[in-house]
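Please open the structure in your viewer and keep the selection panel at hand.

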Amino acid sequence: MDDIEYARVYQEMAAMLDEFNLGWVAQQVADNVEIGKTIEERSLKRKTPLLKIEDYTPKEQLLMLIDAVEQATVHTSEMEDEIAYFLKVESETSPLGTKVSFASSSAQDVKTIEFTSHLTSPRNKQAIALKYLLEKLPSEPSNYITNAEIKSKLSQAINPDFNGAIEQANIFDVYLFTILLKAIANEGGTIYYNNVLDETPKYLTFRKTPGKIHGNTHPYTYAIVEFPDKPALEVHLAVKVQGRAGVLHNCNLLMLYQKEANICRLLQREPRHSQVILAVKSQHNTSELKLETAGAFIGLASDIRYEGGSYFISNTYSEAVAKLLTIARKKWELNIFPRATNDVHRLMYSFQTIFKDFKARN
């Protein structure tokens, strides 16, 4: 195909995504296309390369869109499979069911998804089949995009109730929650579940976006963690923490001392950063990470001092983001999704190191 054909297939594919309420996926790619790609120009006369911005070619744009669709289908369905297996194992020793609800501060705004293998596995199979079809696009005839098989696979590879940007980000956070709890179990911790109403939950309920740790509009769930002869801890999703400057910071995943959490629920205030073991700022994208996301994290991290540290974690990658976070000496992991087993294991072992140090200190 020539550039004109690549551009036409790109537009047709973007229109197809709109039909399935996945227009945000195409938009994330379009935003990166607008920024352009950074090229290094090296010279024997200069130690530091000169940087310049070039436009992506039509073929590169199509490949970016294909990769983004894979992120929204294959990787998300694999995360759902992992969550389903985690809940299945947990249900053997706790009353937890297979449903997970995401709720905002509004009493009516609740969305529930069921994580069972008989629902997640078929979607995953269709997503993998879709991946195979999409990867043929750059070399197939120009009318290949109109093939009804692609639309069919796409419709079966997604959960129509959880295919928005916020919903997929919520699934990513729950996936990170399971990685953290596995790390706790590996270090000998015992895990229980409770909610803000002080009840043993029958299923998990989390906030859609970071809010009050003491908010009780819904029975928000958290995990209680106990290591032998050590202070009890709690793990929360989507809560705010007070920094040194007296401002509140959003945390997608938070682990703190239970004593502090109890005081926060009693006094209706937010946790102090000094009582936090670790915090995660997650960024779920279907296209390459933007540099400003890492810059914002570095700025916020300078206002907080967590006992175990704060992490920047994303499902996608950017060489510039990795370089910036490394130079700033921040904890980070990119490309976190089930198929990237080495990266996932490295993250889990990093969490385990924090718990090893916690047990030694306390």
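Begin with the contact between two helices: Asp3, Tyr6, Ala7, Val9, Tyr10, Met13, Ala14 and Leu17 in H1 meet Pro58, Lys59, Gln61, Leu62, Leu65, Ile66 and Val69 in H3. Contact here means heavy atoms within 4.5 Å. By class, this contact of H1 with H3 has twelve nonpolar, one polar and two charged residues. Ala, Val, Leu, Ile, Met, Phe, Trp, Tyr, Cys and Pro count as nonpolar, Asp, Glu, Lys and Arg as charged, and the others, Gly among them, as polar.

The model is predicted, and local features need pLDDT of at least 70, side-chain atom pairs count only at pLDDT 80 or more, while totals for chains, interfaces and linings use all residues. Residues are numbered from 1 along each chain as its sequence is written, and side-chain values use heavy atoms, with hydrogens and water left out.

Select residues 3–19 for helix H1 and residues 58–91 for helix H3; they pack at an angle of about 25°, with their axes 8 Å apart. H1 is therefore roughly parallel to H3. Helices (H or I, at least four residues) and strands (E, at least two) are DSSP runs, numbered from the N terminus. Axes are lines fitted to C-alpha atoms, for helices over the stretch in contact, and angles run from 0 to 180 degrees between N-to-C directions. Angles under 35 degrees count as roughly parallel, over 145 as roughly antiparallel, 65 to 115 as roughly perpendicular and the rest as oblique. The crossing of H1 and H3 is left-handed; a crossing has that hand if the near helix is turned anticlockwise from the far one by less than a right angle, and is right-handed if clockwise.

To see the contact, display Met16, Leu17 and Glu19 of H1 together with Ile150, Lys151 and Leu154 of H5. Four residues of this contact of H1 with H5 are nonpolar, none is polar and two are charged.

Next, select residues 23–35, which form helix H2; H2 packs against H3 at an angle of about 140°, with the axes 9 Å apart. This makes H2 oblique to H3, and the crossing of H2 and H3 is right-handed. On the H2 side the contact involves Val25, Ala26, Val29, Asn32 and Val33, and on the H3 side Gln61, Met64, Leu65, Ala68, Val69 and Ala72. The contact of H2 with H3 divides into nine nonpolar, two polar and no charged residues.

Is Val29 buried or exposed? At 0% relative accessibility, Val29 counts as buried. Buried means under 20% relative accessible area, exposed over 50%, and partly exposed in between (1.4 Å probe, protein chains only). Not counting residues up to four places away in sequence, Val29 touches Tyr10, Gln61, Met64, Leu65, Ala68 and Ser287.

**The nonpolar cores**

Which residues of the largest nonpolar core touch the most other members? They are Val235, Phe351 and Phe355, in a core of 49 residues. Helix H6, residues 165–186, gives the most to this core, with eleven residues. A nonpolar core is a set of buried Ala, Val, Leu, Ile, Met, Phe, Trp, Tyr and Cys residues joined through side-chain atoms within 4.5 Å. Centre the view on Phe351, whose contacts, leaving aside residues up to four places away in sequence, are Ile179, Leu180, Ala183, Leu278, Val280, Tyr311 and Ile313.

**Stops in the loops**

Select Thr316, in the loop between strand E11 (310–314) and helix H9 (319–327). Thr316 is buried, with a relative accessible area of 4%.

Move to Ala245, in the loop between strand E8 (233–242) and strand E9 (248–257). Ala245 is exposed, with a relative accessible area of 60%.

Finish with two backbone angles. Most residues other than glycine have a negative phi. Asp229, in the loop between strand E7 (221–226) and E8, has a positive phi near 60°. Gln268, in the loop between helix H7 (258–267) and strand E10 (276–283), has a positive phi of about 55°.
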